[in-house]
Amino acid sequence: MSGSDDPIVIVGAGHGGATLAALLRQAGHTGGVVLVGAEQHHPYHRPPLSKKFTGAEVHQPLRPAEFYPDNAIDLRRGVRVTEIDRAAMRVRLSDGTSAGYRALVLATGSVPRRLAVPGTDAAGLLTLRTLDDARTLGSAFGRGNPLAIIGGGYVGMEVAAVASSAGIPVTVIEREDRVLARVASSELSRRLSAAHHSRGTEIRTSAQVGAVYSVAGRVRGIELTDGTTVDAETVLVGIGADPDDELAHRAGLACDNGVLVDEWGRTSDPSVFALGDVTRRPVPWAAGPVRLESIPNATEQARQVAAALLGTEHPEPEVPWFWSDQFDLKLKIAGLVSPGYRVVAREGRRPGAFALFHLNPENTVVAVETAGAPGEFIAGKKFVADRTQVDPDRLADPAAALRDAVTESPAGNRQFTPRRIHASTSSAAHRTG
């Protein structure tokens, strides 16, 4: 069994895991902290992977290498946890060692979905999740050959923006009828598609991949199910990511399209926590548990888990938010975008700037999507947090101050009650396309 001197073991050295390790030390925790990372690299920033992969600045460490030994954080790089023994409170590692824990935190992130069509073993078919992936993609860009991107999500569109800006022929293949179909409003999709078209990106929607064709084992293009082809010597597969929850499954933790946790990161085992992309968790702005894939989500959960581990006051939950840089567009989104809400557009003072406010039937702001409009993003995020009701006509008028659009702001009425996660809720993970 675990002893009181055993460390807090964090599995995963991405944004969430590395942030948690730092927060524990900043809060004065003096016990052992072990941070296990599968990659050989020190923890690094993930956003540059899809935006700056053509240059040296793609590698941006979260903290200097000496931060970890200076703060008595036992960073184990290039090692995986292969088994969790919950009864003994011990983990086994791929290097043959093991470690006891007083608390275990899973921050294993997510893994790219694989393309299930013939020909995917050809050289030149890439995914983008790690620094090494980004460097491989950057090398392919250096040859200037045509690029096909399968999947019109944020990562795919960010890479497309870099390619088009570099003069590389790029085609985005999206099976839905618009890009960003699962994560953005149709209006944002329309505006973003127009920006890409104007800069040379070819976008094919309602297009289904039938096979990857190759010559001498190297990619030469994509065959679509309608019989057409897209020539390309590099293919990036960006069709989403699944939670890397296999370790949790094998340990018998409650999982359902991610590790199920409460508001404070607790799993169905009181000694095991989880955070980041691997989790599904309740947030005050959603009807049920959601899986959020973003750095703000991972770092916010790290703060909640740190408070739970140290017995300190929990921070207020943060409104989910996201960002994406494409060309000169600085996109920021707050709240959870869902179909069926009224979208009110507010044009910005600068060309190309705008904000799209999502309103429920009571004219309460539930989400906002912005481009080049930092003031509208900040205000919109607060509107979502406070469940602010607005006048749609004033909201749409760029000459009217945002505060003048407010009709009611019942900020004090939010309830935040933690819920326990029970093992009986565990099921085989289901995947959504």
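**A close look at the aromatic pairs**

Guide: Phenylalanine 53 and phenylalanine 141 are both buried, meaning under 20% relative accessible area, where over 50% is exposed and in between is partly exposed (1.4 Å probe, protein chains only). The model is predicted, so local features need pLDDT of at least 70 and side-chain atom pairs 80 or more, while totals for chains, interfaces and linings use all residues. Residues are numbered from 1 along each chain as its sequence is written, and side-chain values use heavy atoms, without hydrogens and water.

Now the pairing rule. Rings of Phe, Tyr and Trp (its six-membered ring) pair if their centres lie within 6.5 Å; planes under 30 degrees apart are stacked, over 60 edge-to-face, and the rest tilted. This rule gives 4 aromatic pairs. In one of them, the ring centres of phenylalanine 53 and phenylalanine 141 are 4.8 Å apart and the planes meet at 85°, so the pair is edge-to-face. Phenylalanine 53 is in the loop between strand 2 (33-37) and helix 2 (67-70), and phenylalanine 141 is in helix 3 (residues 131-142), so the pair ties together parts 88 residues apart in sequence. Helices (H or I, at least four residues) and strands (E, at least two) are DSSP runs, numbered from the N terminus.

Trp321, Trp323 and Phe377 make up one aromatic cluster.

Charges also meet rings. A charge sits over a ring if NZ of Lys or CZ of Arg is within 6 Å of the ring centre and within 35 degrees of the ring normal. The charged end of arginine 63 sits over the ring of phenylalanine 67, 5.2 Å from its centre. Arginine 191 lies over the face of phenylalanine 354, 4.4 Å from the ring centre.
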